[in-house]
Amino acid sequence: MIELKKISKSFGRHRVLQDISLSVKTGEVVVILGPSGSGKTTLLRCVNYLEKPASGEIAVGDFKMDCAQAKRGDILRLRRKTAMVFQQYNLFRHKTALENVMEALLVVKKMPAAEARSRSVALLEKVGLGGKLDEYPSRLSGGQQQRVGIARALALEPEVILFDEPTSALDPELVGEVLEVIRDIAREGITMIVVTHEMGFARDVANRVVFMDGGVVVEEGTPDDVFQHPKEERTKQFLRRITPEANWVI
Amino acid sequence: MQLDPSFIWTAFWQILRAIPTTLSITAVSVLLGFAIGTVTALVRLYRVPVLSQMASAYVTFIRGTPMLTHLLLIYFGLPMLIDGLAESLGWSFRSVSIPMIGFAYISFSITAGAYMSEVVRAGMQAVDRGQVEAAHSVGMTSFQALRRISFPQALAAALPNLANSVIGMLHGSTLAFAVSVVDINAQAQIVASTNWKFFEAYLAAALIFWGLTVLIERAAALIEKRVGAYNRGGVA
């Protein structure tokens, strides 16, 4: 269970997040939608402290921290309970696919190498890359790199995986393979918060959709609620703009 | 005066014995300089208060003054410092027991440190910030992220420039003659002093320097190829 309470964050004088609260149940898949600049990526990055919130509270499982007085130890504990899949994959470029997945197990969890290895191999097989264990990221396609990124995030068995526009940097024909993997993980009941522009995918995997704009949550509900019967004018505008051709919108 | 080709050969063999001196000055200054440079670069990159200002001052002063000047400052300044300290603290150690080559080691390490800090800094900046974020996101500490993720890649990126630094220090080590250290160049002068065939002797010295430089270049190319293997792209 993830609980964000009154998270605020400013870049200079611009308030990116204004007292945002959000709670995600264990096993739930929450998709965050919103126009660019709405603060959705910043919110996601706050959850594993890649951005430091000015104030607010973050609780993950039995761990709770007050952002205003976060200590280094708190930040590490929070990060070890969360994992992030990045828009630009951010694989360690000097390490093979296998080493990328093993790295945190060895360094953070201090797991014995043999165990880390077998676990990482299993994860890479799960994302369909059993044949690419020893390839460096520079020899993998974007879709393959992102699947390694997902395996890396799964390796630590985090309480929640945060997806930051995981398919935005991909060639259109590679989007499908990555979404398929994410869909599989979602079915296994792993808690996920996903920022995406893939509306069909959002509708498909989300238990709940959160629409953000201007640093606040404008509207949230089931995918049907938000996509078919949006209540707020801003949500309607956004959906109309982003999917003018889709017949299921409004 | 006529060129004496056979003396080039004679001088060549006699100069060879100075190679260990030249190489030891080069090796010490490169290794210590790399350590100094790495610390300096990291202190500046992480903006450590006070230390980073000191590091910047060190880099601009050293890069703004000639290497020969560093050697002379150390040669004349260090004994004053050491003897003054020794006297007030009651040590029996005196600066006269420092071998001449010691001054070259110390001053050239300081020189190399300033130049190499810029090389390391550029290398660190070549590693994209996203990988450090990824390391943090899986729970690594900043030190783990540095040691395991950014620094190895920074080194790989910096290799060509590091090789240049090594070559620079090899050639710069000739300045050690100023404190009576007999390196390759000084040895050439000694060899020629009996018969005044300086051109032949210096030509032999040049050939030796060239050979050493080519060896360094080859070694660097080999290391680069091995270390940079992860960068050779296939698909993406």
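Accessible areas are calculated here by the Shrake-Rupley method with a 1.4 Å probe, and for residues only the protein chains shown count as cover. The structure is a predicted model, in which local features need pLDDT of at least 70 and side-chain atom pairs count only at pLDDT 80 or more, while totals for chains, interfaces and linings use all residues. Residues are numbered from 1 along each chain as its sequence is written, chains are lettered from A and ligands numbered from 1 in the order in which they are written, and side-chain values use heavy atoms, with hydrogens and water left out.

**View 1. The fold and surface of chain B.**
Chain B holds nine helices and zero strands, where helices (H or I, at least four residues) and strands (E, at least two) are DSSP runs numbered from the N terminus. The C-alpha trace of chain B spans about 70 × 60 × 30 Å along its principal axes. Chain B exposes about 12300 Å², and carbon and sulfur atoms supply 68% of that area. Of the 236 residues in chain B, 45% are buried (under 20% relative accessible area, with exposed over 50% and partly exposed in between, for a 1.4 Å probe and protein chains only).

**View 2. The contact between chain B and chain A.**
The contact, meaning heavy atoms within 4.5 Å, takes 24 residues from chain B and 30 residues from chain A. About 2200 Å² is buried between the two chains, and carbon and sulfur atoms give 58% of this; buried area is the accessible area (1.4 Å probe) that two parts lose on being put together, summed over both.

Two salt bridges are found across the interface of chain B and chain A, each a side-chain nitrogen of Lys or Arg within 4 Å of a carboxyl oxygen of Asp or Glu. Arg45(A) forms a salt bridge with Glu133(B), and their closest N and O atoms are 2.6 Å apart. On the side of chain B that touches chain A, the elements giving two or more residues are α6 (129–137) and α7 (142–172) of chain B, and α6(B) gives the most, with seven residues.

**View 3. Helix α3 of chain A and its cover.**
Helix α3 (residues 97–107) of chain A is mostly covered, since nine of its eleven residues are buried. Among the buried residues of α3(A) are Leu98(A), Met102(A) and Leu105(A). Their cover includes α4 (113–126) and α5 (142–155) of chain A, together with α7 of chain B.
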